[in-house]
Amino acid sequence: MRTKYKERRVKEKGMFQALLGKEMGRFTASPNYMLNCGLGSVFLVAMGIFLLVKADWIQLALGAFMEEGGLLTAAAAGCICLVCSMNDSAAASVSLEGKNLWIAQSLPVLPGQVLLAKVTLQLLMTEIPALFCSVCILIAFRPGLWLGSMVVLLPLLYVAFTAFFDLFLNLKFPNLTWTSEIAPIRQSLPTTLAIFDGWGYILLLFGGGYLLHSRMCVELYLMLACAVTAVLTAVLYRWMKTKGTKVFAGL
């Protein structure tokens, strides 16, 4: 029986799209990878829905403790950041190349593009649900324009910061000799540090905000937090494009 050939158009992909597709393919093909490094996306959506449904109860239960609605709204944004830290695919992405790392190193692309594709995977699967959750906060608590802008911006900047920081950790402490993918995904130093360092950064930011709220308005403090996070992200991005590429090429 002969199969009739049908000519079809094939959409041409750019090099970066191909690299990102490779990272996405590896992520979706591994239940362990998705469960351990991407579960935060599910919790972010669930958290957003919970905020919409239980907004009145949350304000009644925590309003007195937070003293004012601005602190409660900022605390909700902090919770978003904490959940975002559960997504740490970049902390395992280099190690998962394993003995086939030479293939990624020998591709006719800049090393920075390979690394950026690994970071972009974490950005895509975290930024979108984080934005959804932030919008749910705006609907549930109805903050002012300035506070609402900071509540949306800070989690997005935090996601970018943690994505580049997770890649930094993986380049510094790679595990390329694993025999089971569970080792770099769940039992490695980079993934452990990624979670606890992310939590520590958020607790430091929002703990400081709570201590200083009597001297500084919530909006101003969140603006400073956004500025600090943006600067740290820029520093990590610069490191990835310069020293990070050399580290990757030398693994």
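Is lysine 118 buried or exposed? I looked this up first: lysine 118 is buried, with a relative accessible area of 0% (buried means under 20% relative accessible area, exposed over 50%, partly exposed in between, with a 1.4 Å probe and protein chains only).

A note on my source: this is a predicted model, where local features need pLDDT of at least 70, side-chain atom pairs count only at pLDDT 80 or more, and totals for chains, interfaces and linings use all residues. Residues are numbered from 1 along each chain as its sequence is written, and side-chain values use heavy atoms, leaving out hydrogens and water.

Next I looked for the partner of lysine 118. Its side chain meets that of glutamate 97 in a salt bridge, 2.7 Å from N to O (a salt bridge is a side-chain nitrogen of Lys or Arg within 4 Å of a carboxyl oxygen of Asp or Glu). Lysine 118 lies in helix α8 and glutamate 97 in the loop between α6 and α7, so the pair ties together parts that are 21 residues apart in sequence (helices are DSSP runs of H or I, at least four residues, numbered from the N terminus). Glutamate 97 is buried too, at 5% relative accessible area.

Glutamate 23 is buried at 2%, while arginine 26 is partly exposed at 22%. Lysine 22 also bridges to glutamate 23, with the closest N and O atoms 3.7 Å apart.

My last entry joins them up: Lys22, Glu23, Arg26, Glu97 and Lys118 are linked in a network of salt bridges.

Note on methods
Helix = DSSP H or I, 4+ residues; strand = E, 2+ residues; numbered from the N terminus.
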